[in-house]
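Subject: Structure for your review

Dear colleague,

Please find the structure below, followed by a summary of what was found in it. I would be grateful if you read the summary with the structure open.

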Amino acid sequence: MEEDQELERKISGLKTSMAEGERKTALEMVQAAGTDRQCVTFVLHEEDHTLGNSLRYMIMKNPEVEFCGYTTTHPSESKINLRIQTRGTLPAVEPFQKGLNELMNVCRHVLDKFEASIKDYKDQKASRSEPTV
Amino acid sequence: MAAAQAVEEMRTRVVLGEFGVRNVHTTDFPGNYSGYDDAWDQDRFEKNFRVDVVHMDENTLEFDMVGIDAAIANAFRRILLAEVPTMAVEKVLVYNNTSIVQDEILAHRLGLIPILADPRLFEYRNQGEEEGTEIDTLQFRLQVRCTRNPSAAKDSSDPNELYVNHKVYTRHMTWVPLGNQADVFPEGTIRPVHDDILIAQLRPGQEIDLVMHCVKGIGKDHAKFSPVATASYRLLPDITLLEPVEGEAAEELSRCFSPGVIEVQEVQGKKLARVANARLDTFSREIFRNEKLKKAVRLARVRDHYIWSFQGYEA
């Protein structure tokens with residue numbers, strides 16, 4: 001399905017902008033001074049519930065994460081605040097990256113399964129309609 | 001035993017009560033239930049996940065997705081509606097419009113016409129570029145003039161007889177290949193999806209002469225770029241009879257649900273109700289208006305089984 005590829009593309013776009021530090025900000029980290037790296041709020045620009053809710057779900061599935069939530073700051077602004085707090089001493093960036101990777105894997109798997117299923121359906125239909133033709 | 005069943009129900013079913021809905025949110029996160037390992041496991045997900053296509057034709061697609069959560073299913077739905085690109089008319093250069101339809105209304109209508117072109121073969125137009133190139137633009141021409149029909153009967157009042165070209169349809173749109181598009185796309189493959197969409201009506205002496213530029217865009221920008229007419233999903237219904245329902249009550253029960261859901265069978269001379277196909281039900285909750293039967297049925301939905309259906313123009 002195209003949208004799986006879209007979701008994958010969005011996530012890999014997000015990751016490259018994290019890595020290369022593009023001039024157009026896609027991602028910021030906000031942290032209270034003096035605390036360690038376990039409680040971080042990420043600000044993702046040009047994103048909405050599409051990525052926010054699905055990413056929140058994948059990060060919550062990580063047993064190391066104590067808290068994960070997201071909000072849209074205002075419906076007129078397209079950015080979300082995603083907050084992650086981890087148990088223990090794990091830096092919060094790790095579950096964030098892990099969540100993104102896992103979300104990409106899920107989308108890839110869904111795309112593969114979907115395309116295989118469509119192909120099966122088409123083959124079945126073709127083989128069913130052959131005798132009559 | 002009962003506690004384990006209740007926990008299973010909380011984890012896997014959304015229950016529709018008489019006055020409210022219970023167990024709405026996903027709760028299977030690590031640490032919420034003791035004795036369950038809810039951490040994300042890609043292998044377990046891949047084993048449980050399946051997609052079954054139920055029906056597919058040119059315009060509609062219906063399929064089941066089992067084993068995925070609402071957050072991700074909703075993300076797919078949102079992306080389908082808003083972020084899958086298509087080609088649609090963006091700029092209209094009007095050379096002559098003497099019809100009764102104003103320029104901007106006509107341009108708006110032209111933008112909504114679905115265009116049969118694979119958006120993956122085109123690029124997005126860069127911002128600020130006025131001239132389109134062959135890699136990001138499709139050009140169409142629409143030139144129609146309405147005249148009086150000289151061979152019409154004297155006292156006829158039927159516009160189809162009296163006038164020639166008085167209705168402008170999408171079949172009047174002609175594709176103008178740019179650059180090397182004529183080599184890449186064979187004749188007749190780039191066109192509006194339907195050729196019988198009425199664009200405007202004319203009377204003798206009126207003319208429409210314009211050039212349209214189609215670009216690639218996404219639904220977030222403007223709804224004309226959305227590839228689906230409607231994309232929706234629903235959860236699989238799960239109807240359980242908590243006690244055996246016999247005789248007249250069985251007939252009543254089958255009338256409270258959509259046809260085909262409840263089947264009344266003759267067992268040992270008595271009529272007995274049985275859930276035949278819960279998938280067909282639309283959950284009108286008619287059962288709750290029946291005082292006797294509402295305690296005999298539990299209405300629920302399976303939390304991770306999504307029945308998708310969407311209608312597009314090219315599936």
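**The contact between the chains**

The contact takes in 36 residues of chain B and 33 residues of chain A, where contact means heavy atoms within 4.5 Å. This is a predicted model, in which local features need pLDDT of at least 70 and side-chain atom pairs count only at pLDDT 80 or more, while totals for chains, interfaces and linings use all residues. Residues are numbered from 1 along each chain as its sequence is written, chains are lettered from A and ligands numbered from 1 in the order in which they are written, and side-chain values use heavy atoms, with hydrogens and water left out.

About 3200 Å² is buried between chain B and chain A, and carbon and sulfur atoms give 68% of it. Buried area here is the accessible area (1.4 Å probe) that two parts lose on being put together, summed over both. On the chain B side, B:Phe29, B:Trp40 and B:Met56 lose the most area to chain A, together 20% of what that side buries.

**Salt bridges**

A salt bridge is a side-chain nitrogen of Lys or Arg within 4 Å of a carboxyl oxygen of Asp or Glu. There are 23 salt bridges over all chains, and the count between chain B and chain A is 2. B:Asp28 forms a salt bridge with A:Lys61, with the closest N and O atoms 3.9 Å apart.

Within chain B, B:Glu62 forms a salt bridge with B:Arg279, the closest N and O atoms being 3.4 Å apart. B:Glu62 lies in strand 4 and B:Arg279 in the loop between strand 17 and strand 18 of chain B, so the pair ties together parts that are 217 residues apart in sequence. Helices (H or I, at least four residues) and strands (E, at least two) are DSSP runs, numbered from the N terminus. A network of salt bridges links B:Glu9, B:Arg13, B:Asp238 and B:Arg298.

**Aromatic rings**

Rings of Phe, Tyr and Trp (its six-membered ring) pair if their centres lie within 6.5 Å; planes under 30 degrees apart count as stacked, over 60 as edge-to-face and the rest as tilted. The count comes to 13 aromatic pairs over all chains. A:Phe42 and A:Phe96 are stacked, because their ring centres are 4.2 Å apart and their planes at 10°. Both A:Phe42 and A:Phe96 are buried, where buried means under 20% relative accessible area, exposed over 50% and partly exposed in between (1.4 Å probe, protein chains only).

Yours sincerely
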